[in-house]
Amino acid sequence: MEKNEIRAVIKYFVKEGMKAKEIHADFQNTLRDSAPSYSTVAKWTSEFKFGRESSGDDPRSGLSKSATTPEFIAKVHKKVIDDRRLKVCEVAEVAGMSSEWIYHILTKELGMKKLSARWVLRLLTLDHKRTRLEMPEQNQANKIFCAGL
């Protein structure tokens with residue numbers, strides 16, 4: 001049985017006037033190994049006795065999932081692509097969110113990591129890696145060529 005179903009049964013038994021021990025014993029006889037613990041039954045029995053009507057979970061505090069909307073992720077992605085040298089705290093200031101949440105979006109949602117002070121995609125192809133290695137060599141050759149002019 002799911003949590004909400006068990007809670008609904010407990011609510012029914014409380015309305016019938018049963019005590020927590022009786023409800024727990026009934027669950028043990030019926031559900032055996034998958035029966036809820038006595039402390040769970042006692043907690044929900046007291047909740048329903050004191051007037052609780054809902055058998056669902058209460059909302060919890062913490063980070064909301066609203067930050068991972070596609071629009072917000074696209075906004076963070078655009079900001080980082082515009083300037084790959086931004087620090088997480090700088091993106092967090094602009095976005096008005098915690099740096100932990102921005103870091104989560106960058107690493108988990110966008111699959112990026114910090115590499116040589118730049119945000120890059122985690123999975124670079126062999127061509128991308130080769131290009132990253134060759135670019136400094138080309139820049140050095142251009143500097144030498146330009147210095148000779």
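**Figure 1. Salt bridges in the predicted model.** A search of the whole structure, a predicted model, finds four salt bridges (a side-chain nitrogen of Lys or Arg within 4 Å of a carboxyl oxygen of Asp or Glu). Local features need pLDDT of at least 70, side-chain atom pairs count only at pLDDT 80 or more, and totals for chains, interfaces and linings use all residues. Residues are numbered from 1 along each chain as its sequence is written, and side-chain values use heavy atoms, without hydrogens and water.

**Figure 2. Lys-11 and Glu-53.** The closest N and O atoms of this salt bridge are 3.4 Å apart. Lys-11 lies in helix H1 (residues 3-15) and Glu-53 in the loop between helix H3 (38-49) and helix H4 (70-82), so the pair ties together parts 42 residues apart in sequence. Helices (H or I, at least four residues) and strands (E, at least two) are DSSP runs, numbered from the N terminus. Lys-11 counts as buried, at 19% relative accessibility. Buried means under 20% relative accessible area, exposed over 50%, partly exposed in between (1.4 Å probe, protein chains only).

**Figure 3. Lys-15 and Glu-53.** Lys-15 also forms a salt bridge with Glu-53, with the closest N and O atoms 4.0 Å apart. The pair links distant parts of the chain: Lys-15 sits in helix H1, Glu-53 in the H3-H4 loop, 38 residues apart. Lys-15 is exposed, with a relative accessible area of 59%.

**Figure 4. Lys-78 and Asp-82.** Their side chains meet in a salt bridge at 3.0 Å, N to O. Both residues lie in helix H4, four residues apart, about one turn of the helix. Lys-78 and Asp-82 are exposed.
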